Each structure stands twice: as structure tokens, then as C-alpha cells.
Amino acid sequence: MASIRCVRLMRCMQNLLLLPRKTINICPVFHRSYRRGLRGYLKELYERRLKAGPEPERHPSELGIWNHDAELFAFGKRFGEEFDENLLKRAFVQRNYITKEEAKRKELGIDLTTVPLGLVDNDDLAKKGEEIASRYVKAYLRYSYPHMFEEGICAIHDFLMSHQTLLHIGMNIGLRELIMSAEYPPNEQAYILTLKAVIGALAVSQNVERAEIFVRDIIIPQLIGKDVNELWEVVNPMGLLKAMLASEGRGPPEPRLLWHSASATVMSLYHVGLYSDKQLIGKSPGETVTIAEEMAARNALKNLMQTTDSRAPLTLGAKARKIKLDYNTRNRSIKDLLNENVEERVYGTEI
Amino acid sequence: MAHARVLQWATMARTWWVFDAYRQCPFKSSSKIAHYLIGKHKPIYDPLSDIGDHVVVINSKYISMPNDYWRVYKYFHHTGYPGGFSETAAWRLHEVDPTKVIEKAVYFYLPKNLLRRGRMRRLHIFPEEQVPTEILTNVSDQIQQVQPVPKRLDEYTQEEIESFPKLFDWPEDFILQSGFKKAESLMSESKKAEAGGKKTETGGKKAETIQSGGKKEAPKTGSKKTENPQTGSKKTENPQTGTKKAEPQTGTKKAEPQIEKADSKKTGKKH
Amino acid sequence: MVFLTSFLARRFPLPRAPDKQDNFWRKSMWLRISSKFYGRKRNCFGLAIVPGWRALRYSTRARKLKKENMKNLWEIRLNAACNEHSMEYHTFMTSLAQADIGLNRKVLTDLAIYEPRTFQSLVQFAKQRQLEVGLESSTIDSPHGIFHRGLPNKS
């Protein structure tokens with residue numbers, strides 16, 4: 001027992017101590033003598049490490065291998081963008097960093113009025129970046145899903161601009177060491193703010209179009225592999241479908257049982273199809289007839305909004321350079337649809 | 001996520017199939033049924049996943065054994081004690097439980113692993129066409145039969161028989177093979193029957209032994225069957241042999257096989 | 001056996017050599033292999049060593065077996081997928097190969113499971129090709145009045 005525990009300890013130890021393999025060379029061949037004491041030595045190191053606890057996470061600057069300006073320059077180049085040096089620097093400065101620095105100087109007795117800190121936080125840039133991103137995302141989604149309701153577009157937009165999505169992006173584009181924050185590693189909000197501020201800084205450094213391309217390349221691809229219909233929760237799909245069909249002057253949806261199996265068991269399966277004017281507009285399986293009918297309604301909505309599973313992929317990359325977005329027009333919303341129907345009804349009764 | 005959920009539900013759902021075993025070879029059928037019980041007809045098949053379907057087998061009473069398997073095919077058992085060996089002929093087992101032959105065959109064809117018993121639970125065998133409603137409502141599809149259902153001679157209309165192309169008539173006293181006699185005697189023509197009975201008295205006794213010992217075929221409609229002229233009188237006496245019928249006749253001019261058997265007599269007595 | 005140098009002597013370690021060197025590292029090597037075994041043969045070196053050898057033999061053999069097993073599994077799945085569209089597996093594969101469609105069994109299986117419509121169009125292609133080649137009999141539809149689902153045409 002003792003021996004196997006030792007083996008595991010040794011392996012863990014190698015990783016924990018960050019020792020190169022050579023240090024724990026267990027092959028006795030290349031040594032002049034056999035290292036009889038090696039095992040005990042490593043065991044002792046391991047126990048000490050356990051006692052001391054894990055290494056605290058430290059910024060590379062504390063290790064003395066950090067050049068902030070060079071890293072900032074590299075950050076911009078990694079995205080193929082030309083940033084204004086000062087603006088980009090500003091984009092990474094958090095408010096709590098400034099307060100911390102000021103407090104530090106006060107402690108040292110430095111007068112802040114005579115020797116100003118000269119730091120501005122990234123809030124303004126973040127605000128600007130968020131506006132640009134939000135505006136572009138909506139316009140892009142309207143371009144990609146022209147038949148989708150405005151409510152759906154807003155839901156997808158909210159997903160893309162959500163805390164979770166932006167945090168995921170921020171944590172994976174190399175902001176961690178660059179963010180100038182009071183604590184390290186920076187908190188979640190710092191990642192999000194910095195990501196937005198980088199977009200804002202790019203817009204100011206070059207132009208808004210360039211920032212929008214950045215948004216398209218970095219934020220929009222988070223939709224890949226996602227079902228956009230699932231991002232928007234339709235409460236009453238059958239009601240919406242009825243309203244849609246009515247506004248198009250088509251007959252109301254009629255559910256029909258297409259196929260079923262094991263209907264007398266708990267593992268039952270039903271396939272329900274929806275017909276309008278004897279045309280199949282949607283179908284779906286389900287555990288019960290009710291579920292299948294509701295899912296068929298959702299499927300019909302997908303077909304009408306042209307957001308089926310077999311839809312064309314998003315226009316990204318080189319192809320997206322040609323697209324021209326309209327920032328002003330909005331898609332049809334459900335409210336408009338319901339109002340139309342009411343008007344029609346009122347109009348019809350008057351006649 | 002509801003969309004993905006129902007799609008998965010539909011993918012993993014167990015379909016219920018019905019298989020009509022009327023005049024089907026139990027071994028070929030079982031191999032096919034096992035295929036569905038294992039789930040090998042699905043693209044998502046995996047040997048370790050339990051994704052097989054349900055199969056409802058009807059008319060298992062009317063299966064057709066190949067050759068003379070009813071008599072020859074044996075089921076063995078050993079209690080584990082000295083002298084505990086016993087064997088049962090297929091016809092005997094079928095008489096005791098008409099679902100047993102097909103059940104044992106399917107059990108044999110299923111892979112011998114831990115999923116086997118669970119798969120057998122999804123096999124529902126019924127001797128007749130009558131199936132409980134709660135099972136029948138589940139069924140949504142049918143498995144193709146493994147062989148065409150042969151038509152019995154008595155199922156042909158007189159017109160069809162007469163219009164069947166015939167090159168020549170057999171002579172009255174022509175014997176095709178030892179123990180076989182011409183098919184015409186099968187027809188319910190009393191004259192010929194009487195004549196046949198007079199001709200071969202021993203043949204009648206042989207036929208009797210077959211009827212009691214080796215069950216050749218379980219007919220669907222016992223009442224409709226043509227009576228064997230030679231043993232017609234004795235059948236009514238023996239209730240066991242009341243529904244027995246000889247090998248199905250596929251052609252009009254084929255002779256009825258009468259299997260002479262001293263062995264069959266033995267087996268008959270044994271059980 | 002005479003070893004001229006200590007180097008060579010270490011290259012041929014005897015399993016239970018009564019040498020005074022530290023056996024720890026050699027044992028730990030085998031115990032690493034046996035770390036997932038069940039029972040005492042996981043931690044007791046004397047019991048672990050033989051199953052350890054056997055495990056290595058199995059892993060050698062399994063490298064080949066895995067490929068065969070996966071091929072068989074894909075063939076079963078593809079057979080089922082083809083039968084759903086009344087197509088024979090071998091006809092399907094031959095048609096694709098003749099048309100220089102370089103999809104292997106694995107990809108076709110994935111298509112059949114996750115993209116059934118794509119797979120269906122491939123089957124349609126194969127059927128059309130059979131027609132063009134002149135093997136209509138393999139793609140003739142069932143006679144009128146015969147309903148089947150997921151069954152190959154045998155008529």
C-alpha cells in the first residue's frame with residue numbers, strides 16, 4: 001500500500017513542483033551511482049508542499065517577466081487591428097484599480113493634486129462599445145432572420161449580450177493578464193467591461209465599421225451550434241401560429257395524428273402534423289398528443305419564420321464583407337401582428 | 001430544449017411490431033424476430049445498449065416446421081441428477097404449449113448476454129389471432145413474413161383445380177412411391193376412398209400411427225380439412241387426432257405423403 | 001549471462017533479483033499499469049505483475065480488434081440505415097465507391113444517425129445510379145397495395 005501511494009505522490013509532486021522531468025530522473029543508468037536517497041527526498045518535498053498549500057495565483061509582473069506595453073501591442077496585433085496606444089491602455093483600466101492606486105499613494109504621502117495619477121477608467125469606452133455591439137448585433141440578426149419576430153431577435157440579442165456569453169468571450173481572448181484591476185485574477189464584471197471597452201477603443205481608434213467587424217468576428221459566432229428558436233421562449237405557439245396564418249389569409253391550423261406507437265404504455269410516442277388548407281405546415285413527435293401538438297406548432301412557426309434546422313448557416317468571415325445592414329427598420333413584432341388582426345376583425349364587422 | 005428532447009424521445013422510442021407466424025418456419029421467423037428485439041434494424045444500434053423493439057407474434061399455433069422436424073426435432077433437458085435426462089419431440093412440446101417452440105427458438109437466436117432476458121420480455125407470443133387490446137393498441141407496424149403462405153388443397157376452388165394445366169392422368173393403380181399414393185384419393189370421392197381402403201389395409205394402420213404419434217401440421221381450420229378416407233372413421237373416436245391433418249398440399253397433383261413409421265409409433269408411445 | 005558493464009546489467013532486470021538497489025521505481029512502473037485493477041492485484045506488486053503483463057498483451061491485441069469491431073458495428077448500422085430506404089448495403093456502398101464519393105463507413109453512419117435527410121439523399125443518389133447503370137430491378141418499387149416500412153424489397 002505504501003508503495004503505490006508513493007507513486008501517486010511522486011507524480012503529483014512532479015506537477016506541483018513544476019519540476020522538469022530531468023530532475024526526477026528515475027533511470028539509474030545515466031548516473032554514476034544509484035540515487036538511493038531520491039525517493040525519500042522527493043517524498044519530503046511533497047509533504048512540505050502539502051503543508052505549505054497551493055501556490056497563490058500571481059500576476060506575471062510579480063515574477064518580473066512582464067512588459068505591459070509590449071503585451072498591449074501584441075494584443076492588438078493578435079486581432080489584426082490598429083489600436084491607439086493610449087486608448088487601448090485605457091480600455092483595460094478598472095475603476096477599482098484607480099482607487100487602489102490612489103490609496104497607495106496617499107499612504108506614501110504623495111499629493112495627488114501636484115502629482116496626478118493620470119489614469120482614466122474604461123467606463124466611457126465600455127459604454128460606447130456596448131452601444132456599438134448592441135446596435136450591430138440587432139441589425140445583423142434582422143438581416144440573418146428577416147422573417148423572425150422582433151421579440152425573437154431581441155431574445156437572441158439578449159443572449160449574445162448576456163453576462164454569461166460576454167464573460168465566456170472575455171475569458172478566452174487573453175484579457176486576464178492585461179486587465180488592470182485591484183485584484184488578480186480580475187472579477188467577472190471586469191472581463192465584460194474590458195471586452196466592451198476594447199470594442200469602444202477600436203471604434204475611436206479607427207472607425208465604427210472596424211469595431212462592428214470585430215463584433216461580428218468575436219460575438220456573433222457564439223450563435224454557432226445554438227438553436228435560435230430555443231433562445232426565444234414562445235409561451236403560446238398555437239395562438240401565435242393561428243394569428244400568423246390569419247394575417248396571411250390562410251386557414252386555421254388543424255392537428256392530425258400522423259403515427260403513433262406504444263400508445264397504451266408510458267413510453268408512448270405520437271407524431272402530430274399540422275395542416276392549414278390541407279397543406280402540411282409542421283410536424284413533430286412527442287410523448288403525448290398534447291406535447292406533440294404543441295411541438296408541431298413550434299415546428300410550423302419555425303417553418304414560417306424560416307429558422308428551421310436546415311436553414312443556411314450565418315454569413316460570417318469574408319462573405320460577410322459584402323452584406324449591407326439596415327440599422328433602422330425593425331422586423332415585424334407580435335404586437336403589430338395582433339393589431340393587424342384586430343383591425344381586420346373590426347373592419348370586417350363594420351362591413 | 002424541448003425540441004431536442006422530443007427528437008431524442010422519438011429516436012429512442014420502442015416501436016411495436018406484429019408478426020404473423022401462420023405457416024412460417026419457426027427458425028427463420030425467430031432469426032428475424034430476434035433481429036428486431038435486438039434493435040439491429042435501427043441505425044443507432046449498439047451491442048451494449050438496450051434499444052430493441054417489441055414484437056407481438058400471432059398464430060404461433062399454426063407454425064410450419066421444415067421437413068419432418070415435428071417428429072425429429074428434440075428438446076433436451078437434464079435435471080442434474082443421474083438418469084435425469086429427458087427429451088421431448090417438437091410436436092409434443094407444441095401440443096403442451098403452442099407458443100413454446102417459437103419462444104425457445106427466439107431465445108436461442110438472441111445473443112447470450114445480460115440483455116437476453118429483458119429482450120425476451122419484449123416478445124409477446126399468442127397462439128391465435130386474438131390479442132389483448134392493451135397490447136394490440138401499441139402495435140404500429142408489421143414484420144414481413146419469411147416465406148409465402150402455402151395454400152392447402154382444400155382452399156382451392158373446384159374451378160381452379162379443374163383449370164390447372166394437366167398433361168396426363170395417372171393410371172388408376174399407379175403407385176408413385178412406396179407409401180405414397182396418388183393425390184386424387186384425397187378428394188372427397190367416396191368411391192375412390194372405399195377402393196383405396198380395400199386395396200391397402202396395412203396402409204390404414206400406418207396412417208393411424210402417424211396421426212397419434214407424429215403430428216405433421218396443425219391446420220387452421222380443423223373442421224374444413226379433407227378427411228383422410230382411410231382413417232376417417234377412426235379419427236372421430238380419438239379426440240387427440242381429431243384435428244390432425246397431413247402435410248399441406250401445394251399442388252393439385254401431388255401425392256399425400258404417408259410416412260410409414262415404426263419409429264413414429266415408438267415415439268408416440270414414449271410420450 | 002555475463003554482463004560486461006553495469007549498464008547492461010540494469011537493462012536486464014530480474015523480476016525478483018535480490019539486489020540491493022531501490023526496487024521502488026520498477027515496481028511503481030507495474031503498479032501504475034495495475035492501478036485500475038480490481039482487488040489485491042491492484043496494490044500488491046506480487047499479484048499485480050502477472051495481470052499487468054497480461055494487460056499489456058491484451059492491449060496489443062485490442063489495437064487490431066478495435067478496428068475490426070468498429071467496422072462490424074458500422075456495417076450493421078449502415079445495413080439498418082439502408083434497409084430503412086429499401087436499399088441493400090452492398091449496392092449502396094458500391095454505388096458510392098463507383099461514383100467517387102469518398103465517405104467512409106464511420107462518416108456514413110454518423111450521417112445516418114444525426115443527419116438522416118442527408119443520408120436519404122445519398123441513398124437516392126445510389127438508387128438513381130443503379131437505374132442509370134441498368135440495374136433497375138434493385139430499385140423497383142413494391143407492387144401497389146403492399147405497405148411496408150423499413151423493409152427491403154424482396155419481391
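This is a predicted model: local features need pLDDT of at least 70, side-chain atom pairs count only at pLDDT 80 or more; totals for chains, interfaces and linings use all residues.

1. Make-up of chain A. Chain A contains 14 helices and three strands. Of its 351 residues, 28% count as buried. Among the contacts in chain A with a separation of 6 or more, 63% are between residues 24 or more positions apart.

2. UniProt, in an unreviewed entry, places the feature "domain: RNase III" at residues 86–228 of chain A. Over this stretch of chain A the chain is 64% helix and 0% strand.

3. Contact between chains A and B. Chain A puts 19 residues into the contact, and chain B puts in 14 residues. On the side of chain A that touches chain B, the elements giving two or more residues are α11 (228–231), β1 (254–261), β3 (279–286) and α13 (289–305) of chain A. By residue class, that side of chain A divides into eight nonpolar, seven polar and four charged.

4. Make-up of chain C. Chain C has six helices and zero strands, and its pattern along the sequence reads α-α-α-α-α-α. Of the 155 residues of chain C, 17% count as buried. Residues 24 or more positions apart make up 47% of the contacts in chain C with a separation of 6 or more.

5. A helix pair in chain C. How do helix α3 and helix α5 of chain C cross, and at roughly what angle? Helix α3 (residues 45–84) of chain C and helix α5 (residues 105–114) of chain C have axes that come within 9 Å and cross at roughly 45°. The crossing in which α3(C) passes α5(C) is left-handed.

6. Residues at that crossing. From α3(C), the contact is made by C:K71, C:W74, C:E75, C:R77, C:L78 and C:A81. From α5(C), the residues are C:R105, C:K106, C:L108, C:T109 and C:A112. Taken together, the residues of the contact of α3(C) with α5(C) divide into five nonpolar, one polar and five charged.

Terms used. Residues are numbered from 1 along each chain as its sequence is written. Chains are lettered from A and ligands numbered from 1 in the order in which they are written. Axes are lines fitted to C-alpha atoms, for helices over the stretch in contact, and angles run from 0 to 180 degrees between N-to-C directions. Helices (H or I, at least four residues) and strands (E, at least two) are DSSP runs, numbered from the N terminus. A crossing is left-handed if the near helix is turned anticlockwise from the far one by less than a right angle, and right-handed if clockwise. Two residues are in contact if their C-beta atoms, placed from the backbone, lie within 7 Å. Ala, Val, Leu, Ile, Met, Phe, Trp, Tyr, Cys and Pro count as nonpolar, Asp, Glu, Lys and Arg as charged, and the others, Gly among them, as polar. UniProt positions are given in the numbering used here, feature names are shortened, and annotations may be inferred rather than shown by experiment. A residue is buried if 20 or more other C-beta atoms lie within 10 Å of its own, exposed if 12 or fewer, and partly exposed in between; C-beta atoms are placed from the backbone.
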